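I opened the model to go through its sheet and its nonpolar cores. My entries follow in the order in which I looked things up.

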Amino acid sequence: MTTIAQITKDWQEILGSEAQALASAVGFIRRERKISGGGFALTLMSGWLSEKESSLADLAHAYLNSQGKGISRQGLNSRFNARAAHFMEALVGVAVKKVVGHRGERQTEGWINTFSAVWVCDSTVIRLPQPLEAVWEGTSGSSLKLQVCMDLKHGGFQHLTLHHGRCHDQQALADPLELPAGGLFMADLGYFKLARLAHISQAQAYWLTRYKGGTHLLDPQGQPLDLLDVLAKVDQLDLNVRVGLQQQLPCRLLACRVSDAVYAQRLETLRQWERRHQTQASPLRHALCRWVIYLSNLPPHRLRVEQVGIVYSLRWQMEMLFKRWKSLLHLDQWATHNPWRILCEVYAKLLAILFEHDLMLLAGCHDLACSRVQAHRVIAKHAWALAAAFARPAAFRRAVSHLLLCLQGGWKIATSASSPPTFQKMRTLS
């Protein structure tokens, strides 16, 4: 498990010696006078962690608070250039290498603890101004894609990379995916790849995914399977199948009928797709709107067909993670038209996200029963105090220890009978 000593040491290296070396290497700092590479990064990171809409005046004050010397708003603003953005991007890369693999204590919920790890992968896109298209190319204009894989059992990031916005999720996620034996992998259909699933199976790990329309299904003897014929007479289905013509990956097909309301909503979405693309969807696609279908190599004693929807809902933890980044830290918002300042702000907020995530791991706030929103608010209030203590290792450790005390003893999500949160749903699987 990650310790206070390890995290404080890592971050003092990231924003200390590593930042100084990178700032010199990219030509951001040539002669250190009023500002240093580490001081610049720490100022932006702590300033925007403390207040998501920090102005230049706020950031200049944050620099005085953390470095003990002043800089004017104009002086700070003049530093936002291409070299600064290059420096901040490189520093994010250093921080990712340090932070990826950090682990908190295991989850308290019993079902999750039956796996060695529970990895969930997803991505989010940040749209950037048109002048940055040469730096981060999107499908139309400029955008940056964040690819994240997180272990829900221990809370740590297992994979976090930056890509051009036009990069497909299949290419963005590293292969082979080294999931530990006994672990569980889940992702949406953008990551559906039989070779990846086969590799996980060979590693004696598990996977759960939605069925991708058009994927060949065979019975255990290798004969083609008529999916609609199999589904026609049942409301639930749990069937051993083989997936793919060449790969023929053995797994279970798990299917459940959806409610009439969900069916009507799906039909309307499909009709909108038909109008938008000026084409007619296949009869199979229309028929499958009645069903939610999954594929998995989990054995029946680990996952029953009536439980599959609850388990797969764990994937929404990633959507909630991205939502917090954008709503609490304004990762995709800024109050300037300077493209280089915008890029520096995005990178600084990514550093703040990584630092905050490490602090949450230490405090146990990665647990599904813990409110990460409330934990963020506590950390934000301590951001400047942490920055002020940063240069002195012993003082920085004391500041982190004090923050952890403030994060303990509360911030639990309430249970609900009408709309149970994820941790409450997990209890029904035990």
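Is Leu144 buried or exposed? I found Leu144 at 0% relative accessibility, so Leu144 counts as buried; buried is under 20% relative accessible area, exposed over 50%, partly exposed in between, with a 1.4 Å probe and protein chains only.

Note on the source: this is a predicted model, in which local features need pLDDT of at least 70 and side-chain atom pairs count only at pLDDT 80 or more, while totals for chains, interfaces and linings use all residues. Residues are numbered from 1 along each chain as its sequence is written, and side-chain values use heavy atoms, with hydrogens and water left out.

Leu144. I placed Leu144 in strand S2; strands (E, at least two residues) and helices (H or I, at least four) are DSSP runs numbered from the N terminus. Not counting residues up to four places away in sequence, Leu144 touches Thr124, Val125, Ile126, Leu128, Trp136, Leu162, His163, Gly165 and Val346, contact being heavy atoms within 4.5 Å. Leu144 stands opposite His164 in S3.

Sheet. I traced nine strands in an open sheet with mixed pairing, in the order S3-S2-S1-S4-S5-S9-S8-S7-S6; two strands pair if DSSP finds at least two bridges between them. Strand S3 (157–164) and strand S6 (217–218) are at the edges with a single partner strand each, so one side of each has no neighbour in the sheet. S2 (residues 142–151) pairs with S3 in the antiparallel sense over seven bridges. Helix H12 (residues 316–328) lies across S1 (118–128), S2 and S3, at about 35 degrees to S1; axes are lines fitted to C-alpha atoms, for helices over the stretch in contact, and angles run from 0 to 180 degrees between N-to-C directions.

Asp151. I also found Asp151 in strand S2. Which side chain of opposite charge is nearest to Asp151? It is Arg103, 4.7 Å away, and the buried Asp151 has no salt bridge; that term requires a side-chain nitrogen of Lys or Arg within 4 Å of a carboxyl oxygen of Asp or Glu. For charge, Lys and Arg count as positive and Asp and Glu as negative, with His and the chain ends not counted.

Cores. A nonpolar core is a set of buried Ala, Val, Leu, Ile, Met, Phe, Trp, Tyr and Cys residues joined through side-chain atoms within 4.5 Å. In the largest, of 110 residues, I noted Trp11, Phe40, Phe87, Met88 and Leu184 as touching the most other members. Helix H13 (residues 339–363) gives this core its largest share, 16 residues.
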